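Reader: I'd like to go through this structure with you, starting with the aromatic side chains. Could you put it up on the screen?
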Amino acid sequence: MEENIQLSEILKRFRTDGSPVRCVPYGSGHINRTWLVETGRHHRYILQQVNTAVFTDADGLMRNIMLVTEHLRTKDPAPGHVLTLVGTTDGGFWIRMPGNQLWRMYEFVSGGICLEKAETREDIRLSGVAFGRFHQQMADFPARRLTEVIPGFHDTPARYRALRRAIREDRAGRAEGIRKEIDFYLEREETAGRMVSMQRTGELPTRVTHNDTKLDNVMLDEKTRQPLCILDLDTVMPGLAANDFGESIRFGASTAAEDEPDTSRVHLDLEMVGAFTEGFLGVCGADLTEAELETLHEGARLMTLENGTRFLADYLNGDTYYHISRPDQNLDRARAQMALVRDMETKEEQIRRMIRRIRKEAGA
Ligand code: GN1
Ligand code: MG
């Protein structure tokens, strides 16, 4: 009840076309809270309460989104191809409320669908095209102009330090029961620093990256299945191209959901890896350096490992970071990432060969 009153107060402060008549929870994000809003004039919007415990620099975050969407619009002005923030009645684009609350609204992109899982090879290839385009369109935007909204977001060694802290503190008293999982991750700790050290020495260039390149962050046209729009610009920051590539593979080329409890169903689907790579490199392959192209496969393993350490740490901390909809969901997520890392390790040579072949075909 109280929440409804607050929501209607918030809604009044955005310049919507017509008065909101419906506001229902929407989407499957793990961090922010999202609603679909409809007005009496049948105009639809996305309302979001940003998780400011995660995104502590609210102004930096929103400034990044303004800069990125403005830049993307200069490359592709078609309506619906770039997220559009809705203005507020006081002339801004977001609302701060007591309790460190941050609210914002986007135009709803109609005629689009977001897939939790690719239905066809073409779906995943086109999501590769979409993220490839994002890289290409942002290539002439200086990464240093963006705020690092979550410092060390893909600093995998730092993620490992957080996991070690979680094991040591064992706040929810869960460490004893998950020795095997803990060992699995710790055994791979020494591989965690490769990419960040190549970034530090300049061997890998720092670029504008999306950092959350999951399949469901691409909106496809529901009829033609062509990419419409890239969603979730919250983590757009300076970063590594291979990590964006890798995060897409982790999520989109797995045979099962991120939280699949039956890990015997979790495998890397090489056909899907190939399809994504074709789409991605076909658009931005020529812009990537040799070192970037040669570490794409490593980005996939690293993103899977890193997400796994984060899920496991959150499980140990008592599920305080990611939203969960059932007990042990974070543990299932951590276990599914383990299965995927294992399969990626077994298939490493095949993945490398495949990427090389596709590179050649794409002229990259
Ligand atoms: C979070 O909330 P969502 O689904 O956009 C997380 C990503 C993880 C992802 C795992 C800011 O993204 O880094 O990869 O969950 N975002 C943040 O599905 O931590
Ligand atoms: Mg996200």
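Reader: Which ring does the charged end of Arg 188 sit over?
Author: In this predicted model, the charged end of Arg 188 sits over the ring of Phe 184, at 3.8 Å from the centre of that ring.

Reader: And what about Phe 184 and Tyr 185, are they buried or exposed?
Author: Phe 184 and Tyr 185 are both buried. A search of the whole structure gives eight aromatic pairs, and one of them joins Phe 184 and Tyr 185, whose ring centres are 5.2 Å apart with the planes at 80°, so this pair counts as edge-to-face.

Reader: What kind of pair do Phe 276 and Phe 280 form, then?
Author: Phe 276 and Phe 280 are stacked, with 5.7 Å from centre to centre and 20° between the planes. Both belong to helix α8 (residues 270-284), where they are four residues apart, about one turn of the helix, and both are buried. Ring pairs also link Phe 245 with Phe 276 and Phe 280 in a cluster.

Reader: Changing topic, what does the side chain of Arg 207 make a polar contact with?
Author: The side chain of Arg 207, a residue of strand β7 (residues 207-209), makes a polar contact with the side chain of Glu 292 at 2.7 Å, while the backbone oxygen of Asp 287 lies 3.1 Å from a polar atom of the Arg 207 side chain.

Reader: Last one: in what order do the three strands of the open sheet run?
Author: The order is β6-β8-β9, with antiparallel pairing. β6 (112-113) and β9 (227-230) are at the edges with a single partner strand each, so one side of each has no neighbour in the sheet.

Methods. Residues numbered from 1 in each chain as written. Chains lettered and ligands numbered in written order. Predicted model: local features only at pLDDT ≥ 70, side-chain atom pairs only at ≥ 80, totals over all residues. Heavy atoms only, no water. Helix = DSSP H or I, 4+ residues; strand = E, 2+ residues; numbered from the N terminus. Polar contact = N/O pair within 3.5 Å; in protein donor to acceptor, adjacent residues only side chain to side chain. Pairing = 2+ DSSP bridges. Phe/Tyr/Trp six-rings, centres within 6.5 Å; stacked < 30°, edge-to-face > 60°. Buried < 20%, exposed > 50% of the residue type's maximum accessible area, 1.4 Å probe, protein only. Lys NZ or Arg CZ within 6 Å of the ring centre and 35° of its normal.
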